[in-house]
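Dear colleague,

I am handing over the structure below, together with my notes on what was found in it. Please read them with the model open beside you.

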Amino acid sequence: MDLKENKTLINALRKGEEKAYMFLLDTYHRRLHAYALTLVDDHSLAQDIVQNVFLRTWQHREKLNHKFTIQSFLYKSVYNEFVNTYKKDKAMMLLQMKYYESLHQEVEKTDEKTLEEIIQLVTKEVEKLPPKCKQIFSLSKKEGLTNIEISEYLNVSIKTVEAHITKAFTILKNKLDDKIKISLFLLFGFPVSEKPN
């Protein structure tokens, strides 16, 4: 049984096969968490959103439709969960919603194989960043440390931390074309277009 095949995976999930659910978790948890992080910028909240999505997917597995790709379904579910969470926590401006909707549409247009290839390209460019710049950028975007925590950990000023993160994004933005910038968004919360104030 090839669970990488969309129809096979959905059918297995609908039958309640735990192996299929574990495959779903192993395949999509990391990238869904990265996506959720770009929406809420809070590790614990992003984790809650993703856990809720997986839990509901399993609870309502019999309603899954193999005509739709599981990847699109999961990304859409994370987005919907984010909207519901966001509405509870704060009033959402219409312009902000339009921004997130446009980003979500870009995510849905990117197929899984292309996404993985792009992520590899982005990761390769991150490795080429100047040492200090790469270290601070990784602590911030991969380890999830705040600027204050990085500043205390490395014994540098917060302004230095901010400068290195800005520099990293500037270098990456110049190295990568528009299509690849979607992966910066997915991986690190890098704005594909300017966020409205």
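Contact, in what follows, means heavy atoms within 4.5 Å. In that sense Ile158 touches Asn147, Ile148 and Ser151, when residues up to four places away in sequence are not counted. Please keep in mind throughout that this is a predicted model.

Ile158 has its place in helix α9, and with a relative accessible area of 35% it is partly exposed. Its C-alpha atom and that of Thr146, a residue 12 places away along the chain, are separated by 9.8 Å.

Helix α8 (residues 147-154) has Ile150, Ser151 and Leu154 as buried residues. These cover an arc of only 100° around the axis, and they are therefore on the same side of α8. The face turned away from that buried side carries Glu152 and Tyr153, which are exposed. Among the elements that cover the buried residues of α8 are α7 (131-141) and α9 (158-175). Just after α8, Asn155 takes a positive phi of about 60°.

Turning to the cores, the largest nonpolar core has 28 residues, and those with the most contacts inside it are Leu13, Leu24, Leu32, Ile70 and Val78. Helices α1 (6-14), α2, α3 and α4 each supply at least two residues of this core, while the largest share, 10 residues, comes from α2. Leu13, for its part, touches Ala20, Tyr21, Leu24, Trp58, Arg61, Leu64 and Ile70, again not counting residues up to four places away in sequence. Apart from this core lies another, of 15 residues, and Val126, Leu129, Ile150 and Leu154 are among them.

The aromatic residues deserve a separate paragraph. A pair of aromatic rings is described by the distance of the centres and the angle of the planes. With a relative accessible area of 17%, Tyr21 is buried. The pair of Tyr79 and Phe82 has ring centres 6.2 Å apart and planes at 45°, and is therefore tilted. Tyr79 and Phe82 are 3 residues apart in helix α4 (residues 70-89), so about one helical turn separates them, and both are buried. Returning to Trp58, its ring has Arg61 lying over the face, at 4.1 Å from the ring centre.

Which residues does Glu81 touch, not counting those up to four places away in sequence? They are Ile49, Asn52, Val53 and Arg56. Glu81 has its place in helix α4, and its relative accessible area of 9% falls under the 20% limit, so it is buried. The side chain of Glu81 is joined to that of Asn52 by a polar contact of 3.1 Å, and it also makes a polar contact of 2.3 Å with the side chain of Arg56.

With best regards

Conventions: Residues numbered from 1 in each chain as written. Predicted model: local features only at pLDDT ≥ 70, side-chain atom pairs only at ≥ 80, totals over all residues. Heavy atoms only, no water. Buried < 20%, exposed > 50% of the residue type's maximum accessible area, 1.4 Å probe, protein only. Phe/Tyr/Trp six-rings, centres within 6.5 Å; stacked < 30°, edge-to-face > 60°. Helix = DSSP H or I, 4+ residues; strand = E, 2+ residues; numbered from the N terminus. Lys NZ or Arg CZ within 6 Å of the ring centre and 35° of its normal. Arc of directions from axis to C-beta. Polar contact = N/O pair within 3.5 Å; in protein donor to acceptor, adjacent residues only side chain to side chain. Core = buried A, V, L, I, M, F, W, Y, C linked by side-chain atoms within 4.5 Å.
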